[in-house]
Amino acid sequence: MNVLKIAAFSDGETGGNPAGVVIADALPPEARMQAVAAEVGFSETAFAARSGSGWRVRYFSPQSEVPFCGHATIALGAALALQHGDGVFALTLNQAEITVEGRREGDVIAAALQSPPTHSAAASPDFVSAALALFGLAPEDLDARLPPAIVHAGADHLLLALKSRATLSAMRYALEAGRALMNSKGLATIVLVHAESAQRFHTRNPFASGGVYEDPATGAATAALAGYLRDIDWPHGGFIDVVQGEDMGMLSLLHADIPSTPGSSVRVSGTARVMAA
C-alpha cells in the first residue's frame with residue numbers, strides 16, 4: 001500500500017502537520033486501514049477511493065476512526081492535485097459531503113477545504129471545571145470574551161480561551177487522563193486558544209482521544225472555532241488567521257473564511273508540502 005506523507009498547513013516549505021494519504025482503487029477493509037494508520041503513526045491518515053464523480057474518504061488516527069480531519073483533508077487535496085491536476089474534488093465522508101481544492105504552486109501545494117456545517121453550544125460548568133483541572137488551569141485564566149463551548153465542524157471539540165499567550169505556551173496534561181475526559185464527551189480534541197487580535201489567534205490542540213498528545217495543525221478545529229466566532233458575533237470581519245504548532249517547533253498557518261450565514265460551511269486554507277518517504 002502506497003502511503004503518501006504530506007505536511008498540511010505548512011509554513012511554506014517547513015512546518016505543518018504530517019498526514020498519511022492513501023489513494024486506492026477501493027477502500028481497504030476497516031481493520032487494514034486502522035493498522036496502516038497505527039503503523040504510519042501520524043495523528044491521522046486519510047484513505048480515499050473513487051466514488052462516482054468524486055471520492056469516498058475515511059480518516060483513521062493511530063487508535064480510532066474519526067469522522068472528519070481537516071489537515072488530512074488538506075493533505076488529500078494536495079495529493080489529488082499532484083495525481084490528477086489542479087481542481088476541486090468532491091468528497092463523501094461518513095457523515096458529510098464536502099469539497100477540497102488543490103493547486104500546485106512551485107514546491108508547495110495550495111489547498112482549501114469546505115468544512116461540514118458548524119454549530120456550537122455552551123459547555124457545562126462541571127465539564128469545564130474538569131477540563132481546567134486536567135490542564136492545571138484556574139477559572140481566572142479564561143478569557144471571558146470567549147466563553148467555553150462545545151464547537152463543531154464535522155467533529156466535536158471543547159473550546160477554552162486563555163487570556164495569556166504564556167499560559168497557552170505552558171500547556172501540559174496527562175495523556176491518559178485527557179483521553180478519558182475527551183472520550184467521556186465524544187470529543188475529537190480540546191481547542192486551547194488565545195486571541196492576539198480580533199482576526200489572529202494562537203491555538204493548541206490536545207488530541208488524546210486519538211492517542212496523540214498534540215496536533216500541530218487542526219483544520220477541523222479551526223473551522224469549528226470560526227463557526228463559534230460567528231455564533232457569538234465576534235468581530236472577525238469575515239476571516240481569521242490561526243497560528244498553531246509554534247510551541248511544538250512545527251509552525252503551522254491556517255486561514256478561515258467565514259460567511260455570514262449561521263451554521264454554514266467554513267473555508268479553511270493553507271499550503272502543503274510533500275515529505276520525504
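These are my notebook entries on one protein chain, looked up in a predicted model.

**Entry 1: the whole chain**

I started with the overall make-up. The protein chain has 6 helices and 17 strands. Along the principal axes, its C-alpha atoms fill a box of roughly 50 × 40 × 30 Å.

Next I checked the radius of gyration. For 277 residues, a compact globule would come out near 19 Å, and the protein chain has 17 Å, which agrees.

I then looked at burial and found that 54% of the 277 residues count as buried. For contacts, I took residues at least 6 apart in sequence; 65% of these contacts join residues at least 24 apart.

**Entry 2: surface and charges**

The protein chain exposes about 10,700 Å², and carbon and sulfur atoms supply 53% of that area. I also looked up the charges: there are 18 positive and 27 negative ones, and their mean positions are 2 Å apart.

**Entry 3: helix H5**

Which residues of helix H5 are buried? In this helix, residues 175-184, I noted Gly-178, Arg-179, Leu-181 and Met-182. What covers them? I found that the cover of the buried residues of H5 includes helix H3 (125-135), strand E12 (189-195) and strand E13 (200-207). Just after H5, I came to Gly-186, which takes a positive phi of about 65°.

**Entry 4: aromatic pairs**

How many aromatic pairs does a search of the whole structure find? My search gave 5. I wrote down two of them in detail.

One is Phe-47 with Phe-60. Their ring centres are 5.9 Å apart and their planes stand at 85°; pairs count as edge-to-face over 60 degrees, so this pair is edge-to-face. Phe-47 sits in strand E3 (residues 45-51) and Phe-60 in strand E4 (residues 54-60), 13 residues apart. Buried or exposed? Phe-47 counts as buried, at 0% relative accessibility, and Phe-60 is buried too, with a relative accessible area of 1%.

Another is Tyr-173 with Tyr-213. Here the centres are 4.4 Å apart and the planes are at 15°, so the pair is stacked. Tyr-173 lies in the loop between helix H4 (165-169) and H5, while Tyr-213 lies in strand E14 (residues 212-215), so the pair ties together parts that are 40 residues apart in sequence. I checked both for burial: Tyr-173 counts as buried at 8% relative accessibility, whereas Tyr-213 is partly exposed, with a relative accessible area of 32%.

Key:
Residues numbered from 1 in each chain as written. Predicted model: local features only at pLDDT ≥ 70, side-chain atom pairs only at ≥ 80, totals over all residues. Heavy atoms only, no water. Buried < 20%, exposed > 50% of the residue type's maximum accessible area, 1.4 Å probe, protein only. Helix = DSSP H or I, 4+ residues; strand = E, 2+ residues; numbered from the N terminus. Contact = heavy atoms within 4.5 Å. Rg over C-alpha atoms; globule rule 2.2 N^0.38 Å. Areas by Shrake-Rupley, 256 points an atom, 1.4 Å probe, with all protein chains shown as cover. Lys, Arg positive; Asp, Glu negative; His and termini not counted. Charge placed at Lys NZ, Arg CZ, Asp CG, Glu CD. Phe/Tyr/Trp six-rings, centres within 6.5 Å; stacked < 30°, edge-to-face > 60°.
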